[in-house]
Amino acid sequence: MTEEEDSRFVRFLRNIGAPRREGSHSGGTYGYGKSSLFSLGSCQTVVVDSLTQEEDGTSERRFMASRMGEEFYDPETGRSFTGRHWWGAGAPAGGAVDPVRNEEATRLADGLGMPDRKGRSGTSVMILDPTLEVEWDDHEGLAEHVQKAFLWFFWPKMVPWPGQPLSPMEFALEVEGQPCEIPSVESTPPFHLYAEALQQVRSAPNGDTREVRSRRPKAHLGWMGYQRGLHEERTFDSDRDVGISIPDVSRHVALMRPAELVVKYLEGTPLPNNRLEWAGVFVCSNDEEIEQAFAASEPPTHDDWNPRSLPKSPKRTYVNVALTRIKELMDELNPERRDPSGGASEGLAPAADMLGGALLSGDGDRALPRHRPKGGHSKPRALKLSGLKLEKLAAEGQKTVATFRFQVVGRAGTSVVLSADPAIVTEGSGELLGIAPDGDKPEIRGWNLSGENHSPSESLEVCLPEDSTEGELRVTVPVGVAVRPRLAVREAADE
């Protein structure tokens, strides 16, 4: 097995602490990240099952186990040992242990209950006796612990790129053989706000993103997206102290490199109106020099950007300027909110301000029903409603009409039912009402799907023409109140 042919395998199982090759984007910076797999288990041991796929079309099944213990010295032999152990095929004296291959590898993997590869290339890692903050017999708590970790660290990988029906990665969770749903980003506040901010960055430059630049030396450092919305009840039980604590009020910027893995959440100031919260995303430039500067500022745990860890150089300047500018943007985007009924406002500005505070940049509408994630057999739906935002306000006669844009992601040809139940958001409590104090109520003025207009109705059954379908909903806005469209989508067969 040569390093040229099997460099990824070698780096994964043998080269702990070896830095990433210059110019390579296939691994981490220090080579220590994989050590977290070992440290998670009480015996620091992992079992690895892999199916390779070579350029010539051939494949090979490999099975190997490894332990990363502490260094030790054997006084009897006078030799020092690294604490690393490998189990695999036989090896010559003094030689490296190779993996078990093909049929024998398949037999061992199946015997240990590892996932069936079904011909799919990739790698499965089994952590022996993991040490978690939850008792093993608390299946619900165990599922919630992992669900929160998935969302907190990997939510960007659950967000499809604009126009794409599938997310960059798929996640699945089983507890004692029972599948447990991974809550969608769209249905789990406040991650829906982070997802919208990320989509802004992905489609930058645009009117929603802020560019972060360095003046000396001149350089584009990255883009920042920002999303504001109504504070919504958390879907995880706040009374359960399980694993990661998701902030009750979002006021953070998620920092990440182009790989879109969250490095850190930079905390800002909450909005003065306790009904509102915000989320931001900053992704540094994919320019090699800039990306390397941010990567070099990270500790081996990849959980911070620390410019002081770098020598005085342009790289240190890049990271320092970016962090300073991000903090400035947080202050600029979250000023003290002006009075929506201020006399200095004219035309539609008061309504826009009210909508902006209570809804603009936030939706609160979902494709999936709101529920607390539990263990069980439920299966996530592929159908999603995302990208809901206030597009514009316009005067039509004596009425103000708000146009909301949204996106339905689902398999082309699927028959779906779109529904809307516009409601008025009350000041202070955030309670939803059907009628304004003056007796007026929001009314649906019409739908538009993929450029085709549809008459006003509370529900609309359509066949999705594409995997990603753009739509608009027009709703009247009573004077002096904020309105939420309360959009939902479901497959027609669900009725």
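Asn306 is partly exposed, since its relative accessible area is 26% and the partly exposed class sits between buried (under 20%) and exposed (over 50%), using a 1.4 Å probe and protein chains only. Bear in mind that this is a predicted model, where local features need pLDDT of at least 70 and side-chain atom pairs count only at pLDDT 80 or more, while totals for chains, interfaces and linings use all residues. Residues are numbered from 1 along each chain as its sequence is written, and side-chain values use heavy atoms, with hydrogens and water left out.

So where is Asn306? The loop between helix H6 (288-296) and helix H7 (314-333) holds this residue. Helices here are DSSP runs of H or I with at least four residues, strands are E runs with at least two, and both are numbered from the N terminus. Ala296 is ten residues away from Asn306 along the chain, and their C-alpha atoms are 8.9 Å apart.

Now for the two helices themselves. H6 and H7 pack at an angle of about 75°, their axes 9 Å apart; axes are lines fitted to C-alpha atoms over the stretch in contact, and angles run from 0 to 180 degrees between N-to-C directions. That makes H6 roughly perpendicular to H7, a label covering 65 to 115 degrees. On the H6 side, Glu289, Ile290, Gln292, Ala293 and Phe294 meet Lys315, Tyr318, Val319 and Ala322 of H7, with contact meaning heavy atoms within 4.5 Å. Six of the residues in this contact are nonpolar, one is polar and two are charged.

S16 (residues 399-409) is mostly covered, with nine of its eleven residues buried.

Last, the cysteines. How many disulfides does the rule give? The count comes to zero, a disulfide being a pair of cysteine sulfur atoms within 2.5 Å. Cys43 is partly exposed at 29% relative accessible area, and Cys463 is partly exposed as well, at 48%.

How values were computed
Angles under 35 degrees count as roughly parallel, over 145 as roughly antiparallel, 65 to 115 as roughly perpendicular and the rest as oblique. Ala, Val, Leu, Ile, Met, Phe, Trp, Tyr, Cys and Pro count as nonpolar, Asp, Glu, Lys and Arg as charged, and the others, Gly among them, as polar.
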